[in-house]
Amino acid sequence: MERLRGPVSELLDSAEPPAAATRVARIHTVTGAGLVLGSTQSLETAAQIRATAAGTEILRRRSGGGAVLLLPGGQVWVDFFVPASDPLWSEDVAHAAQWVGELWSAVVEPFVAEPISVHSGRLVADRWGRLVCFAGSGPGEVFAGGRKIVGVSQRRTRSRVRIQTTARLGHPDTASSIRADDRSLDELELLDVTAADRETGRAVMARRCGSVPATEADLTEALLGALEAQARDTR
């Protein structure tokens, strides 16, 4: 178990665990805003001027999927490192993330009132899902009432898989939003799309994206308890 704190750029580029390490769960606490693009998205996808004005870093991760906006107190971001020798490893990309989805579904269940489901198939993404992570459906991702609350992406090598997960928070007491031009910042505000597409995209996001009504501290504590239980069960 590792816990890191800092700007998104530092956390995203943090060193891989030693090659000899077994399972590692790395929990990140961000101290500033960052828009993280997927590995196939060009940096030109972002609206650099608006991002700079909002004090938001623009970065790109090495795993796939759409853009994710990370804000202080706005999510619980955890990366899971699993070596190829581990029972949790799978060659099948969809199956490899299933245990992560089941873990997260158990963690969020006490906090949400809607039915919870885990996407078990391949990636399903239209234009909006390719643009913004939380508008698509990928392996292991968790939904409450049909809206995504936990996003998942993977970076795989022959020796290890790094499964990156983000549970979006929506607790009324959390400081999870920052302001730009007197509006709450979101992914579409920071992406280079037309004003009309931004309006359409926000309507799509409202239907597809949800959040967990918990604080970062409370959801992290629940996750730690679930990880301890899982470790006992899979030894």
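1. A residue is called exposed when its relative accessible area is over 50%, and buried when that area is under 20%. Met1, at 54% relative accessibility, therefore counts as exposed. The model discussed here is a predicted one, and the values below should be read with that in mind.

2. Met1 sits in the segment before strand S1 (2–6). Although exposed by the cut-off, Met1 touches Ala25, Ile27, Leu224 and Leu227, when residues up to four places away in sequence are not counted. Between Met1 and Val82 there are 81 residues of separation in sequence, while their C-alpha atoms are 12 Å apart in space.

3. Rolling a probe the size of a water molecule over the atoms shows where empty space is left. The count comes to 1 cavity of 30 Å³ or more, and the volume of the largest cavity is about 150 Å³. Its lining consists of 13 residues, and those that lie nearest the centre of the cavity are Arg61, Val68, Ser153, Gln164 and Thr166. Strand S5 (68–70), strand S9 (147–156) and strand S10 (160–168) are the elements that give two or more residues to this lining. Sorted by class, the lining of the largest cavity has 7 nonpolar, 5 polar and 1 charged residues.

4. Because its relative accessibility is 84%, Arg158 counts as exposed; even so, Arg158 touches Ala84 and Trp89, with residues up to four places away in sequence left out of the count. Arg158 and Pro139 stand 19 residues apart in sequence, and the distance from C-alpha to C-alpha is 19 Å.

5. Is helix H4 (residues 98–108) largely enclosed by the rest of the structure or largely exposed? Of its 11 residues, 9 are buried, so the helix is largely enclosed by the rest of the structure. The buried residues of H4 are Gln98, Trp99, Val100, Gly101, Leu103, Trp104, Ser105, Val107 and Val108.

6. Helix H6 (residues 195–208) can be checked for its length and for the way it is packed. With 14 residues at 1.5 Å a residue, H6 should span 20 Å, and its end C-alpha atoms are 20 Å apart, which agrees. Within H6, Arg198, Gly201, Val204 and Met205 are buried, and because these buried residues fall within an arc of 125° when seen down the axis, they line one face of the helix. In general terms, an α-helix has 3.6 residues a turn, so residues three or four places apart point the same way. Ala195, Ala196, Glu199 and Arg207 are exposed residues carried by the face of H6 turned away from its buried side. Helix H2 (48–53) and helix H5 (127–131) are included in what covers the buried residues of H6.

7. Two loop residues complete the note. Leu185, in the loop between strand S12 (183–184) and H6, has a relative accessibility of 7% and so counts as buried. Leu185 and Leu69 are separated by 116 residues in sequence, yet their C-alpha atoms are 8.8 Å apart in space. Pro72, for its part, lies in the loop between S5 and strand S6 (75–83), and because its relative accessibility is 26%, Pro72 counts as partly exposed. From Pro72 to Arg198 the separation is 126 residues in sequence and 24 Å in space, C-alpha to C-alpha.

Definitions and conventions: Residues are numbered from 1 along each chain as its sequence is written. This is a predicted model: local features need pLDDT of at least 70, side-chain atom pairs count only at pLDDT 80 or more; totals for chains, interfaces and linings use all residues. Side-chain values use heavy atoms; hydrogens and water are left out. On a 1 Å grid over the protein atoms alone, a cavity is a set of points where a 1.4 Å probe fits but cannot get out, and a pocket is an open set with protein on both sides within 12 Å along at least five of seven lines; lining residues have an atom within 4 Å of a point. Grid points are joined across faces, edges and corners, and a volume is the space filled by probe spheres set on the points. Helices (H or I, at least four residues) and strands (E, at least two) are DSSP runs, numbered from the N terminus. Ala, Val, Leu, Ile, Met, Phe, Trp, Tyr, Cys and Pro count as nonpolar, Asp, Glu, Lys and Arg as charged, and the others, Gly among them, as polar. The expected span of a helix is 1.5 Å times one less than its number of residues. Buried means under 20% relative accessible area, exposed over 50%, partly exposed in between (1.4 Å probe, protein chains only). The arc is that of the directions from the helix axis to the C-beta atoms. Contact means heavy atoms within 4.5 Å.
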